[in-house]
Amino acid sequence: MASSLSTKPFSTDALSAFASLNSDLRSLSPGYLRLSLRPRLPKRLQIQAAGSTYGNHFRVTTYGESHGGGVGCVIDGCPPRIPLSEADMQVDLDRRRPGQSRITTPRKETDTCKIFSGVSEGLTTGTPIHVFVPNTDQRGNDYSEMSLAYRPSHADATYDMKYGVRSVQGGGRSSARETIGRVASGAVAKKILKDFSGTEILAYVSQVHKVILPEDLIDHDTLTLHQIESNIVRCPDPEYAEKMIAAIDAVRVRGDSVGGVVTCIVRNCPRGLGSPVFDKLEAELAKAVMSLPATKGFQFGSGFAGTFLTGSEHNDEFYIDEHGRTRTRTNRSGGIQGGISNGEIINMRIAFKPTSTIGKKQHTVTRDKKETELIARGRHDPCVVPRAVPMVEAMVALVLVDQLMAQYAQCNLFPVNLDLQEPLVPELEPEEVPF
């Protein structure tokens with residue numbers, strides 16, 4: 001009976017009657033008996049249902065909307081005594097910001113960040129870090145038609161279906177502007193990983209529409225940020241970069257859009273990250289990057305191509321290197337085996353769909369369920385992948401720093417088994433201790 005009742009919406013009268021019944025039952029109960037008809041939900045479930053927070057140990061909450069007063073994040077669980085300033089975040093925010101080239105949205109924002117808490121005299125204090133970026137170039141009138149009609153394949157309709165209300169201007173929380181908080185917090189995570197273990201996270205564009213960068217053209221052992229940032233599409237190969245730019249230009253002038261693929265690698269990742277069985281490292285990475293706007297696919301290692309191989313062809317054989325470390329001769333596993341990092345280069349690919357908001361006439365429906373046609377206005381990316389590069393790096397960094405803290409707490413709290421494990425923190429002489 002409880003199940004059938006729970007599927008029906010409560011009216012105001014029903015709620016009043018429920019409250020009255022509860023009160024009557026309390027008045028009839030003897031002093032030693034108290035009845036409670038309030039539903040009890042685990043606090044953990046209530047927190048996670050909000051959907052704007054990621055992480056368990058290094059915990060990030062993003063806030064703000066495309067055309068509100070601003071956007072940002074709160075970082076909780078950041079270790080203390082880490083040198084940190086706005087400049088550390090601004091580098092990646094500048095890589096993400098709109099209006100940086102002709103193949104991105106023409107919206108002009110400086111995306112200048114401000115740290116409001118959690119940092120004192122240039123060092124993190126271990127308390128929540130609040131980062132804020134103001135919105136300065138909003139054009140709410142561009143969305144007047146979209147307040148009535150849904151953009152095909154956009155989140156307009158589903159936000160109405162879920163919440164019964166939505167922020168029309170700029171798409172609200174479904175806008176890529178929300179990712180500013182992710183990129184800012186990801187910059188902090190990247191700094192921690194680099195300082196702690198020399199971990200490097202690099203992403204680049206490997207496909208735009210039908211222009212596909214051959215995998216063997218890029219050496220992941222020597223790839224540099226300079227190579228990636230040497231052109232506006234963020235493809236490390238100059239020849240293919242020009243082809244990708246031309247493909248975006250071709251649809252941009254027609255008011256259309258295209259999708260693409262971002263490849264991301266991680267070098268010098270500590271071994272042992274990942275928590276089987278439900279929090280395997282590749283599962284956490286998939287969840288994190290697939291939470292980005294416009295994502296449609298995720299592969300790591302050999303991905304779907306691995307299904308065409310036999311076990312003897314696919315297996316990564318082990319060997320002992322000159323430093324006595326267990327390594328693999330190939331890396332079809334993508335740096336992760338059994339859901340745990342093995343120290344090899346982690347590599348993954350993330351597919352992004354074409355931008356939904358385009359300047360071509362499309363059939364759609366209005367909020368009051370009438371069929372109509374829509375030509376969307378506003379300023380939008382003809383292809384999202386060039387600006388998605390720092391977003392992917394940020395989400396990968398957030399996963400790794402959270403898993404690093406989990407690994408240290410569970411498996412490095414006591415002396416490790418040196419025959420099988422590598423300590424996360426090397427033993428230091430007293431004069432070498434940094435703090």
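Strand 10 (residues 260-267) is largely enclosed by the rest of the structure, because 8 of its 8 residues are buried, where buried means under 20% relative accessible area, exposed over 50% and partly exposed in between, with a 1.4 Å probe and protein chains only. Both faces of the strand are covered, with Gly260, Val262, Cys264 and Val266 buried on one side and Val261, Thr263, Ile265 and Arg267 buried on the other. This is a predicted model, in which local features need pLDDT of at least 70 and side-chain atom pairs count only at pLDDT 80 or more, while totals for chains, interfaces and linings use all residues. Residues are numbered from 1 along each chain as its sequence is written, and side-chain values use heavy atoms, with hydrogens and water left out.

Strands (E, at least two residues) and helices (H or I, at least four) are DSSP runs numbered from the N terminus, and two strands pair if DSSP finds at least two bridges between them.

| Strands | Sense and bridges | Residues standing opposite |
|---|---|---|
| Strand 8 (residues 200-208) and strand 9 | antiparallel, 2 bridges | Gln207 and Ile212 |
| Strand 8 and strand 10 | antiparallel, 8 bridges | Val208 and Gly260 |

Helix 5 (residues 156-163) has Asp156, Ala157 and Asp160 as its buried residues. These cover an arc of only 100° around the axis, which puts them on the same side of helix 5; the arc is that of the directions from the helix axis to the C-beta atoms. The face turned away from this buried side carries the exposed residues Met161 and Lys162, and just after helix 5, Gly164 takes a positive phi of about 75°.

The count comes to 1 cavity of 30 Å³ or more, a cavity being a set of points on a 1 Å grid over the protein atoms alone where a 1.4 Å probe fits but cannot get out. About 30 Å³ of space lies in the largest cavity, the volume being the space filled by probe spheres set on the points, which are joined across faces, edges and corners. Its lining residues, which have an atom within 4 Å of a point, are Ala155, Asp156, Tyr159, Arg166, Ser167, Gly171 and Ser174.

Key: 1 Å grid on protein atoms, 1.4 Å probe; cavity = no way out; pocket = protein on both sides within 12 Å on 5 of 7 lines; lining within 4 Å.
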